[in-house]
Amino acid sequence: MKAMNIQFGEALRRYNTLALQARAQAFVDVGSDAELLAALAWARANQLPVLPLGEGSNVVLAGNIRALVVRQKTRGIQVLKADADTVTLRIAAGENWHALVRWTLEQGYFGLQNLALIPGTVGAAPIQNIGAYGVELQSCLLQVHARQIADDQRVTLASEDCAFDYRDSVFKHQLKDQLVITAVDLQLSLHPYVNITYPALGNYFSEHPRIENTPQAVFDAVVSIRSSKLPNPALLPNAGSFFKNPVLGQEQVNTLHTSFPALPAFPQRDGTVKLPAAWMIDHCGWKGFRRGDSGVHEQHALVLVNYGDGSGAQLLELANDIAASVENTFGVRLEIEPRVYGEPV
Ligand code: FAD
Ligand code: NAP
């Protein structure tokens, strides 16, 4: 194994898609299990917490990080087994999610096409059960493999042990900060199938009647819709949706509808109702708002952006003001989706 290349005081701006400036007390890239074990041992010996980082597309760095930041650079996709109908893959945590989705379609493995163009690594995907266009990771996830930060122990969790929910999992609760995910097993279909029940996708195919709705066409449609609506973090730094859509009881939504009859509402299978946070933020007049270098995207009220030198603290201040105004107007408290790290300096 090559010697560990730990960097001290590493600037993290290029490692998070909001391009927020912060420094890591210690920082290391790991490209193998042996390197991960060495990093965990080093953190224990130096009494530093470990912060696993993927591509930094769902974090807000509010200040310097007192931790060993361990960036996953492991690579590899293995076919574990295949039968007449399905294929099971084991994918290393450091693989890029979108590249995986594209590769699976090239192989004739179906199921991930609605999740195209979500930034980030495979290892981070289970953390919030990534979802888009009517599909969530949990629909094809079999197992999550990880190392325990405290004692290196290998852990394997079956999908039913991950407590997956809307943008949620056990990794945000009971197992928060305890594991580094090393690989994910997915089961995909060998038979082409599509799910275009999500309104924006259905509309796309209605508007393009000559395009047959194959899995590849769904992938292309998702890439096209997302590219037209969402700012590319490389051009305008952002972390995607900054707030989760609130999920409320039907009675509370009925009450809201007496004051806001136009508020869209999406009933869930369990009887709850999901409300679009973007609509509420837009209704409160925040879309396109800018304060210093922090702002709300002009086309998408759910996306907060860093126009240049905005800090994590400024961005969180704006987020708090937005949440307070939504709460004053609708009586609904919005929850921030990305994970916040570091104390404001
Ligand atoms: P990071 O931001 O690096 O980390 C996120 C969290 O996961 C951190 O708490 C980190 O500690 C933890 N983590 C990362 N890797 C590991 C690991 N190996 N082991 C343990 N913990 C780990 N999300 C969606 O669900 N749907 C979308 O449609 C979507 N669209 C987006 C669009 C844009 C433009 C952007 C910028 C973001 C979007 N996101 C979306 C959010 C983000 O892409 C996902 O949450 C993604 O899974 C984050 O991956 P990452 O590697 O960047 O994770
Ligand atoms: P959109 O299609 O304009 O819809 C707005 C919101 O309404 C979405 O957040 C969506 O919830 C909800 N919604 C719409 N139709 C729904 C239905 N039939 N049932 C349940 N909920 C419905 O959304 P968008 O902003 O352009 O994003 C498109 C997709 O990409 C969404 O799935 C969104 O979650 C995902 N996305 C996520 C992020 C992120 O960072 N998390 C960033 C960009 C896009 P859902 O969010 O539950 O789908």
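## Polar contacts of ligand 2

In this predicted model, a polar backbone atom of S241 lies 2.8 Å from an oxygen atom of ligand 2. Side chains contribute further contacts. An N or O atom in the side chain of N245 is 2.7 Å from an oxygen atom of the ligand, and a nitrogen atom of ligand 2 is 3.0 Å from an N or O atom in the side chain of E337.

Ligand 2 exposes 790 Å² when taken alone, and the protein buries 79% of that area. Two elements, α4 (215–229) and β13 (238–241), each give two or more residues to the shell around the ligand.

## Composition of the shell

The surroundings of ligand 2 comprise 17 residues, of which R167, K229, N245, K274 and H300 are the closest. By class, the shell contains eight nonpolar, four polar and five charged residues.

## An open four-stranded sheet

Elsewhere in the description, four strands in the order β1-β2-β5-β3 make up an open sheet with mixed pairing. Strands β1 (7–11) and β3 (50–53) form its edges, each pairing on one side only. From one strand to the next, the twist averages 45°.

Within this sheet, β2 (residues 23–30) pairs with β5 (residues 65–72) in the parallel sense, over six bridges. F27 has V69 in β5 as its bridge partner. In general, the strands of a sheet pair through backbone hydrogen bonds, in either a parallel or an antiparallel manner.

## Helix packing on the sheet

Helix α1 (residues 33–45) lies across β1, β2, β3 and β5. The helix runs at about 155° to β2.

Definitions and conventions: Residues numbered from 1 in each chain as written. Chains lettered and ligands numbered in written order. Predicted model: local features only at pLDDT ≥ 70, side-chain atom pairs only at ≥ 80, totals over all residues. Heavy atoms only, no water. Near = heavy atom within 4 Å. Polar contact = N/O pair within 3.5 Å; in protein donor to acceptor, adjacent residues only side chain to side chain. Areas by Shrake-Rupley, 256 points an atom, 1.4 Å probe, with all protein chains shown as cover. Nonpolar A, V, L, I, M, F, W, Y, C, P; charged D, E, K, R; others polar. Pairing = 2+ DSSP bridges. Axes fitted to C-alpha atoms, helices over the stretch in contact; angles between N-to-C directions. Contact = heavy atoms within 4.5 Å.
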